[in-house]
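Here is a short report on one protein model. It covers a helix pair, a sheet and the confidence of the prediction.

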Amino acid sequence: MANVFLHYVFDLWVSHWRILHARGNLIVVRYADDVVVGFEKADDAQRFLVALRERLEKFLLTLHPDKTRLIEFGRFAAVDRKKRGRGKPETFDFLRFTHICRRGREGNFQLKRKTRRDRMRGKLQEFKAELRRRMHQTIPQQGQWLRQVVHGFFAYHAVPTNSGSISAFRHHIISLWRCTPRRRSQQDQTRWERITQIANDWLPKPLIHHPWPDVRFAAKHPRWEPCA
């Protein structure tokens, strides 16, 4: 319902605003009611925010006061802010990731995506409670379930530049798993080396599964077609 409603309230209106009012390039990424809009010109961003508030008021809608921000972000943000004596560019959260401006190994601008700490903490709390419920299961039974848990987390979060988060998630899962036999028996002395060996038998490795954006969104068109 949000997508149907916002298609008319927001998407079509943005396309119209871009043609009539934007002085520079504009990019929009929307998922349900979460939206990120990027502008080439700062004054475009300021005028767009005013116009968007007026647009939403006509439909009795408002922007979230805490999530709605104008920030300086992108390949020139760090240099421009340094010239003005400002700190590092701000970050923003979108679709379970924190987006960060940084430099790659070759010194070029790189968009870093990192799993939000609160989302990871919440997931680990859920798995901790479920492990307690499964503490009397055998190691193979627990291993099969945890393999699905880690694989599902990696399927979404194993994006480029996020290797630290997925490695940390796997490490915390192993640590929680190690505590499970101790809750079952106070005499259990499972060492970290032993649980690591067991985890390597059951859990997937923390590898990046998704391609870089320039590869993922690359489009090749057969130029010989008349309509291409």
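## Helix pair α5 and α7

In this predicted model, helix α5 (residues 139–157) and helix α7 (residues 192–202) bring their axes within 9 Å, crossing at roughly 60 degrees. The crossing of α5 past α7 is right-handed.

Which residues make the contact? From α5 come I139, P140, G143, Q144 and R147. They meet I198, D201 and W202 of α7. By class, the residues of this α5–α7 contact split into four nonpolar, two polar and two charged.

## Sheet β3-β4-β5

Three strands make up an open sheet. Their order is β3-β4-β5, and the pairing is antiparallel. β3 (92–94) and β5 (109–115) are the edge strands. Each has a single partner strand, so one side of each lacks a neighbour in the sheet. On average, neighbouring strands of this sheet are turned by 40 degrees against each other, direction ignored.

β3 runs antiparallel to strand β4 (residues 97–103), and three bridges join the two. Within this pairing, F92 stands opposite H99 in β4.

## Confidence

How far can the prediction be followed along the chain? The protein has a mean pLDDT of 88, and 90% of its residues reach 70 or more. Confidence is highest in helix α2 (residues 42–57), at a mean of 96. It is lowest in helix α8 (residues 213–216), at 73.

Residues 224–228 stay under 50 in pLDDT. For this stretch the model has two contacts beyond four places in sequence.

Technical notes:
Residues are numbered from 1 along each chain as its sequence is written. This is a predicted model: local features need pLDDT of at least 70, side-chain atom pairs count only at pLDDT 80 or more; totals for chains, interfaces and linings use all residues. Side-chain values use heavy atoms; hydrogens and water are left out. pLDDT is the predictor's confidence in each residue, from 0 to 100. Helices (H or I, at least four residues) and strands (E, at least two) are DSSP runs, numbered from the N terminus. Contact means heavy atoms within 4.5 Å. Axes are lines fitted to C-alpha atoms, for helices over the stretch in contact, and angles run from 0 to 180 degrees between N-to-C directions. A crossing is left-handed if the near helix is turned anticlockwise from the far one by less than a right angle, and right-handed if clockwise. Ala, Val, Leu, Ile, Met, Phe, Trp, Tyr, Cys and Pro count as nonpolar, Asp, Glu, Lys and Arg as charged, and the others, Gly among them, as polar. Two strands pair if DSSP finds at least two bridges between them.
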